[in-house]
Amino acid sequence: MEANALGGGRGSRIVKATGLRLALLTAALTMVSSVSAGAQERMAPARGGLEAKLEYCKTCHGLSGQGYLGYFAMPRLAGQQPEYIEAQLRAFIERRRSNPVMRNVAHVLSPSMITALAMHFKNLNPKPFGGAPRGSIAAGKRIYEEGLPEANVPACSACHGTEGKGQNEIPRLAGQVYEYMVGQLTGWKSERGQGTAVDTSAIMAPTAHNLTRSQVEAVAAYVSYLQ
Amino acid sequence: MKRIGLKLAILGILASTTASAWAGESAAVRNCTWCHGAGAQGYTVAPRLAGQRPQYIMSQIKSFREHARNNPFSRQYMWGAVAALDPHTARDLANYFASIPPKPANDGDDTLASRGRTIYMEGIPEANIVSCYACHGPNAEGVRDIPRLGGLAYFYIKGRLEQWGQGYHSTPGSPMPIVASHLGPEEIEALTSYLSFVK
């Protein structure tokens with residue numbers, strides 16, 4: 001383009017020189033990348049690194065980030081608040097949240113990779129994973145919106161929002177995998193808020209404790225169908 | 001001594017034939033164990049069915065019928081084998097085989113087993129290799145339609161992992177093709193060796 005505008009010999013010489021430089025650069029890059037391909041794979045970010053890591057996350061968390069049921073329930077990450085994802089990955093690394101799989105997973109993530117992953121998942125919006133029993137959805141909606149004052153359970157919607165989208169470090173619950181929700185709320189004390197450091201998970205400890213199993217199942221079923 | 005041995009043998013035969021009234025004389029079971037081995041414990045290329053998750057067996061029968069599971073042995077043997085199988089018989093077979101206690105193949109390289117166990121439990125996060133444990137369970141026992149891997153034959157699991165890497169399919173929507181594409185030959189050998197010893 002530029003060569004045409006300039007016209008004459010000088011322009012085409014520039015193009016040739018640029019072309020040659022480009023060819024040399026490409027050749028050099030190809031050599032470098034083929035020599036150190038193995039080493040690069042084990043290092044952090046770069047665009048290819050992000051793509052590969054996303055594929056890795058989605059192997060367990062669902063191919064669209066909608067969550068998945070393996071031997072364990074893997075939570076939905078799609079549409080999740082990036083601050084929440086970042087806070088939880090830090091909690092795994094610092095052992096405030098106990099999870100044998102995620103500790104290893106989080107340990108090798110650089111801060112810039114964590115940010116990039118969180119931003120990617122924020123923008124995904126697949127349909128909920130589904131599969132929750134439907135019998136107690138109405139009861140779950142009531143607990144979600146009004147709480148259980150007599151049992152010291154605040155309305156979930158007060159913090160997680162009426163649509164369950166969460167905000168900042170408060171997670172989105174809309175569309176969350178039912179089995180995961182039940183597992184977290186019934187096992188809060190053994191997984192969250194471990195060690196001596198106090199983090200935001202402490203807020204949920206009494207609430208999780210005050211819900212009965214059937215109330216947990218009702219709330220989990222309700223939010224699992226929110227889109 | 002001889003007489004006791006004979007009695008034991010007779011008792012053994014009686015016990016195996018009365019294990020399940022339905023299965024004992026079933027031609028459908030014999031059609032399977034022809035290849036899948038005595039007691040359905042697996043034989044050469046045909047995997048062990050004993051102790052396998054019934055939902056997994058049913059999902060694979062469906063995958064064979066729909067030609068979704070398409071590696072060479074599946075095409076050659078299983079597509080035809082399940083073509084005339086009605087859903088009721090498929091379910092009965094799945095439940096029957098699931099109820100048989102599985103025996104580990106123990107045919108891997110035991111020097112690689114501990115490396116394999118580490119990969120099974122933790123994956124290799126730096127290389128984007130996921131933990132097998134997260135889906136297949138702490139003792140490789142599987143759950144629902146996720147198969148039990150513990151004790152399956154070295155040759156069989158190795159073949160499956162390699163085939164996913166080569167583009168063959170099994171169950172639509174399964175993450176296994178992605179999982180397997182990240183595994184190198186050494187990782188496959190270590191994992192497969194470990195799994196062959198799991199009880």
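**Helix packing, chain contact and a buried lysine**

In this predicted model, H4(B) passes H6(B) in a right-handed crossing. By class, the contact between H4(B) and H6(B) has eight nonpolar residues, one polar residue and one charged residue. Helix H4 of chain B covers residues 54-65, and helix H6 of chain B covers residues 87-99. Their axes come within 8 Å and cross at roughly 140°. That angle makes H4(B) oblique to H6(B). From H4(B), the contact involves B:Pro54, B:Ile57, B:Met58 and B:Ile61. These meet B:Ala90, B:Arg91, B:Ala94, B:Asn95, B:Phe97 and B:Ala98 in H6(B).

The two chains also touch. Chain A gives 18 residues to the contact, and chain B gives 18 residues. On the side of chain A that touches chain B, helix H4 (46-61) and helix H6 (100-107) of chain A each supply at least two residues. H4(A) provides the largest share of that side, six residues. By class, the residues on the side of chain A that touches chain B are ten nonpolar, four polar and four charged.

A further site lies in helix H9 of chain B, residues 154-165, where B:Lys158 is found. B:Lys158 counts as buried because 20 other C-beta atoms lie within 10 Å, and the cut-off for a buried residue is 20 or more. Apart from neighbours within four places in sequence, B:Lys158 is in contact with B:Ile188 and B:Thr192. B:Asp107 is 51 residues from B:Lys158 in sequence. In space, C-alpha to C-alpha, B:Asp107 and B:Lys158 are 12 Å apart.

Technical notes
Residues numbered from 1 in each chain as written. Chains lettered and ligands numbered in written order. Predicted model: local features only at pLDDT ≥ 70, side-chain atom pairs only at ≥ 80, totals over all residues. Axes fitted to C-alpha atoms, helices over the stretch in contact; angles between N-to-C directions. Helix = DSSP H or I, 4+ residues; strand = E, 2+ residues; numbered from the N terminus. Parallel < 35°, antiparallel > 145°, perpendicular 65-115°, else oblique. Left-handed = near helix turned anticlockwise from the far one by under 90°. Contact = placed C-beta atoms within 7 Å. Nonpolar A, V, L, I, M, F, W, Y, C, P; charged D, E, K, R; others polar. Buried ≥ 20, exposed ≤ 12 C-beta atoms within 10 Å, placed from the backbone.
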